[in-house]
Amino acid sequence: MTQAITSADTSRNNLLMVAAGGVISGILTPLLPALIDQIVGLPGQFRISLIAVPFAVLVFILVRRFSANPLWAALLAAIITMVAFVCAVNAAIFIEGQTVGAATVMRYLLAGLTGGLVGTAVMALGIGLLPAGPRIAAAWWPMLITGTLTGTLLALDNALGLDQISFLYSVWQAAVAVRLVMALRS
């Protein structure tokens, strides 16, 4: 009985540490564009992918720690995360551009939903194909739903005019990181 309580506390503490890591990476993410813009000659999509480095590092650590994947698979998960970020940004930009004429809040809600879904789906699909990734689709649904719904924070960031700090990145990355660990444990 004592082991079960200790295990639950350890698990809860692990998830809180994962969420804290997501918040930290989410704070660092919007600070990177100014730094990356100082590097001349980088192609646009590659520059966007570099913005995802803090979260990719967190995903690398999580996949390495909470799954039986080898080192190369954890590195691949980090690269998949960077690709997912580029896909999410491009999807959000596309949807925002397609909804010109709608209310600004609605445009950013739809763009956030789409970006959140696309980013999370690419991550789930890519990490799910790794050697020790869960192959059951049901293991990934909570992460997909969480990532999609927290994508709506893009509308809040836009309404508040946030540039150097973002609710979207901090909350999205913390929530998706926690759901990723839960999926890897299943």
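A: By class, 22 nonpolar, eleven polar and three charged residues make up the lining of the largest pocket. The model is predicted, and the values given here are computed from it. The lining has 36 residues in total. Those that lie nearest the centre of the pocket are Phe 85, Val 89, Leu 154, Leu 168 and Tyr 169. The space in this pocket comes to about 860 Å³.

Two or more lining residues come from each of helix H2 (32-36), helix H3 (44-51), helix H5 (71-98), helix H6 (104-128), helix H8 (153-160) and helix H9 (167-185). H5 gives the most, with eight residues.

The second largest pocket can be described in the same terms. Its volume is about 150 Å³. Its lining consists of Asn 14, Met 17, Val 18, Leu 58, Ile 61, Leu 62, Arg 65 and Phe 66. By class, these divide into six nonpolar residues, one polar and one charged. Helix H1 (2-28) and helix H4 (53-66) each supply at least two residues of that lining.

To return to the part asked about, the largest pocket holds about 860 Å³ of space, H5 is the element that gives the most to its lining, and 22 of the lining residues are nonpolar.

Terms used:
Residues are numbered from 1 along each chain as its sequence is written. This is a predicted model: local features need pLDDT of at least 70, side-chain atom pairs count only at pLDDT 80 or more; totals for chains, interfaces and linings use all residues. Side-chain values use heavy atoms; hydrogens and water are left out. On a 1 Å grid over the protein atoms alone, a cavity is a set of points where a 1.4 Å probe fits but cannot get out, and a pocket is an open set with protein on both sides within 12 Å along at least five of seven lines; lining residues have an atom within 4 Å of a point. Grid points are joined across faces, edges and corners, and a volume is the space filled by probe spheres set on the points. Helices (H or I, at least four residues) and strands (E, at least two) are DSSP runs, numbered from the N terminus. Ala, Val, Leu, Ile, Met, Phe, Trp, Tyr, Cys and Pro count as nonpolar, Asp, Glu, Lys and Arg as charged, and the others, Gly among them, as polar.
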